[in-house]
Amino acid sequence: MGKADEERDRGRDETPEERADRRWAELLQELRVAQTGVQILFGFLLTVVFQPRFATLSDTNQTIYTVTVLLGAATTGALIGPVSFHRLLTGQQLKPQTVIWASRLTVVGLFLLLCTMASALLLILRVVVDDTLAIWLVVGMVVWFVLCWLVLPAWARATRRTGS
């Protein structure tokens with residue numbers, strides 16, 4: 001557990017085990033949201049290759065598709081990994097460590113989700129608009145995701161510390 005986590009939990013009257021249980025429950029709720037979206041996206045990606053138009057895609061677009069599917073699979077693995085961690089370590093008195101590792105896997109999964117989304121958008125937009133515009137649109141969306149997923153939480157954390 002890091003110093004920031006300890007500071008956040010100050011004022012709570014809970015044992016380390018209770019804290020780990022609470023954090024695990026919170027992480028599971030977060031994972032449910034992320035996993036649903038990833039499973040839908042990944043399922044859709046798996047069907048694309050079987051569409052008649054897939055064979056007409058350029059080699060570049062087929063390569064982007066391959067990268068996107070691999071990123072989707074890696075994202076799925078990272079976001080389901082915490083469940084495996086929990087299942088394999090249940091009863092081993094390792095809940096605090098399990099929560100730490102599951103949290104790390106979740107962050108990796110969110111980064112991979114960002115990459116998957118960017119790659120999927122690039123593939124779709126290259127079919128719909130000019131390649132240059134597609135790249136700029138994807139960059140804009142990546143900036144949006146970074147703003148929503150990283151910048152706003154960092155800002156909220158910083159303003160909490162300063163009391164603004």
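Thr 75 lies in helix 3, which covers residues 59-89, where helices (H or I, at least four residues) are DSSP runs numbered from the N terminus. In this predicted model, local features need pLDDT of at least 70 and side-chain atom pairs count only at pLDDT 80 or more, whereas totals for chains, interfaces and linings use all residues. Residues are numbered from 1 along each chain as its sequence is written, and side-chain values use heavy atoms, with hydrogens and water left out.

Thr 75 counts as buried because its relative accessible area is 1%, and buried means under 20%, exposed over 50% and partly exposed in between, with a 1.4 Å probe and protein chains only. Leaving aside neighbours within four places in sequence, Thr 75 is in contact (heavy atoms within 4.5 Å) with Val 38, Gly 109, Leu 112, Leu 113 and Thr 116.

Leu 110, Met 141, Trp 144, Leu 147, Trp 149, Leu 150, Val 151, Leu 152 and Trp 155 make a nonpolar surface patch of about 860 Å². Patches are made of residues with over 30% relative accessible area and no salt bridge, with nonpolar side chains joined within 5 Å and like charges within 9 Å; a salt bridge is a side-chain nitrogen of Lys or Arg within 4 Å of a carboxyl oxygen of Asp or Glu.

Helix 5 (residues 131-162) gives the most to this patch, with eight residues, while Leu 110 is found in helix 4 (residues 95-128). Leu 110 counts as partly exposed because its relative accessibility is 34%.

## The whole protein

The protein has five helices and zero strands (strands, E, need at least two residues). Its C-alpha trace spans about 60 × 45 × 20 Å along the principal axes. Of the 164 residues, 30% count as buried, and among contacts between residues at least 6 apart in sequence, 67% join residues at least 24 apart.

The protein exposes about 10,700 Å², of which carbon and sulfur atoms supply 66%; accessible areas come from the Shrake-Rupley method with a 1.4 Å probe, and for residues only the protein chains shown count as cover.
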